[in-house]
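Work through the exercises below with the sequence and the model open. Try each task before reading its solution.

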Amino acid sequence: MGIIIKTEEQINLIRESCRLLAIVHRELGELIRPGISTREIDIKGDQLIRKLGGVPNFLHYQGYPASICVSVNDEVVHGIPSKRRILQEGDIVSLDAGMIYKGYHSDQARTHAVGQISPEAQKLIDVTRESFFAGIKMARAGNHLFDISNAIAAYVKPFGYGIVRDLVGHGVGTKLHEDPQIPNYQQKRRGPKLRPGMTLAVEPMINMGRGDVEWLEDNWTVVTQDGSLSAHYENTILITEGEPEILTV
Ligand code: MF3
Ligand code: CO
């Protein structure tokens with residue numbers, strides 16, 4: 001299939017999709033508090049996406065049953081919202097949401113604190129976020145894709161956290177998942193050359209313990225094998241001639 005270089009017109013539509021998605025994320029972030037169910041977050045997110053003129057792209061994606069992925073504590077990604085899952089003080093919760101706007105996808109994830117959390121949990125969230133920024137420093141035309149992967153891995157390494165290897169970032173466009181796959185761990189090869197007009201979802205998933213994950217019986221929820229906490233930070237970015245543009249802002 002190959003990596004699709006977007007035209008100016010396509011970029012403008014992806015940019016708009018991403019800008020609207022960032023609004024959804026900001027509003028959902030403000031809902032996070034002890035006592036809310038993960039289903040309430042999903043309902044609100046679905047409503048917001050539609051109100052802004054978009055369609056939730058996760059809903060029914062390969063059979064996924066909700067619009068927002070809500071993953072609590074040791075859940076890494078793809079947690080299924082439930083009215084029985086109530087957020088508790090001290091939890092961390094990852095929200096992954098995406099939308100389609102005028103045919104173009106956007107994808108973004110954030111991990112939030114529920115009330116007061118431990119300094120250790122906060123540090124995991126902060127390091128995961130900072131690893132994204134370390135990665136995209138390398139996201140420049142002329143560099144290679146795996147320069148991003150290697151920079152994320154190098155940033156995380158001194159903290160001793162586990163990098164999730166079973167899930168990766170990806171291209172974004174008229175489909176949610178386009179080429180290339182973007183690993184968050186050290187690569188031996190350089191990968192494809194980065195070119196202006198590539199739109200990429202860069203999304204480190206970092207565990208406090210080991211990087212190994214497993215799937216729950218629901219066939220969606222990815223959890224850490226050792227039960228440790230996990231954080232996620234994702235933006236859709238655009239490769240330009242210079243600095244990358246973070247589109248989901
Ligand atoms: N946001 C996820 C990703 O980054 C995709 C979620 S698909 C769903 O690749 F079906 F689980 F929603
Ligand atoms: Co993604």
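## Exercise 1: a hairpin and its sheet

A hairpin joins β7 to β8 through six residues. The model is a predicted one.

**Task.** Find how many bridges pair strand β7 with β8, and in which sense. Then place both strands in their sheet.

**Solution.** 
- Step 1. Take β7, residues 169–171. Three bridges pair β7 with β8, in the antiparallel sense.
- Step 2. Look for a residue pair. H170 stands opposite Q181 in β8.
- Step 3. Read the strand order. The sheet is open and has five strands, β8-β7-β9-β14-β15, with antiparallel pairing.
- Step 4. Check the ends of that order. β8 (178–182) and β15 (245–246) each have a single partner strand, so one side of each is left without a neighbour in the sheet.
- Step 5. Go to the β15 end. Strand β14 (residues 235–238) and β15 run antiparallel and are joined by two bridges. L238 has E245 in β15 as its bridge partner.

## Exercise 2: an enclosed strand

**Task.** Decide whether the residues on the two faces of β2 are buried or exposed. Then name the strand that β2 pairs with.

**Solution.** 
- Step 1. Recall the rule. In a regular strand, side chains alternate between the two faces of the sheet.
- Step 2. Sort the residues by side. I68, V70 and V72 lie on one side of β2, and C69 and S71 on the other.
- Step 3. Apply the cut-off for buried, which is under 20% relative accessible area. Both sets pass, and both faces of β2 are covered.
- Step 4. Conclude. Five of the five residues of β2 (residues 68–72) are buried, so the strand is largely enclosed by the rest of the structure.
- Step 5. Find the partner. β2 runs antiparallel to strand β4 (residues 92–101), with five bridges between them. C69 has D96 as its bridge partner in β4.

## Exercise 3: two helix pairs

**Task.** Describe how α1 packs with α2, then how α3 packs with α4.

**Solution.** 
- Step 1. Packed helices are described by the angle between their axes and the distance between the axes.
- Step 2. Take helix α1 (residues 8–31) and helix α2 (residues 38–51). Their angle is about 155°, and their axes are 10 Å apart.
- Step 3. Classify. Angles over 145 degrees count as roughly antiparallel. α1 and α2 are therefore roughly antiparallel to each other. Their crossing is right-handed.
- Step 4. List the contact. From α1 come V24, E27, L28 and L31, which meet I41, K44, G45, L48 and I49 in α2. By class, this contact has six nonpolar, one polar and two charged residues.
- Step 5. Repeat for helix α3 (residues 119–136) and helix α4 (residues 145–156). The angle is about 145°, and the axes are 8 Å apart. This crossing is right-handed.
- Step 6. List this contact too. α3 supplies V127, E130, S131, A134 and G135, and α4 supplies I148, A151, I152, Y155 and V156. They divide into seven nonpolar, two polar and one charged.

## Exercise 4: the cover on α4

**Task.** How many residues of α4 are buried, and against which elements do they pack?

**Solution.** 
- Step 1. Count. Ten of the twelve residues of α4 are buried, and the helix is mostly covered.
- Step 2. Name some. Among them are L145, F146, D147 and N150.
- Step 3. Trace the neighbours. The buried residues of α4 pack against α3, β6 (162–163), β8, β9 (199–202) and β10 (205–207).

Technical notes
Residues are numbered from 1 along each chain as its sequence is written. Chains are lettered from A and ligands numbered from 1 in the order in which they are written. This is a predicted model: local features need pLDDT of at least 70, side-chain atom pairs count only at pLDDT 80 or more; totals for chains, interfaces and linings use all residues. Side-chain values use heavy atoms; hydrogens and water are left out. Buried means under 20% relative accessible area, exposed over 50%, partly exposed in between (1.4 Å probe, protein chains only). Helices (H or I, at least four residues) and strands (E, at least two) are DSSP runs, numbered from the N terminus. Two strands pair if DSSP finds at least two bridges between them. Axes are lines fitted to C-alpha atoms, for helices over the stretch in contact, and angles run from 0 to 180 degrees between N-to-C directions. Angles under 35 degrees count as roughly parallel, over 145 as roughly antiparallel, 65 to 115 as roughly perpendicular and the rest as oblique. A crossing is left-handed if the near helix is turned anticlockwise from the far one by less than a right angle, and right-handed if clockwise. Contact means heavy atoms within 4.5 Å. Ala, Val, Leu, Ile, Met, Phe, Trp, Tyr, Cys and Pro count as nonpolar, Asp, Glu, Lys and Arg as charged, and the others, Gly among them, as polar.
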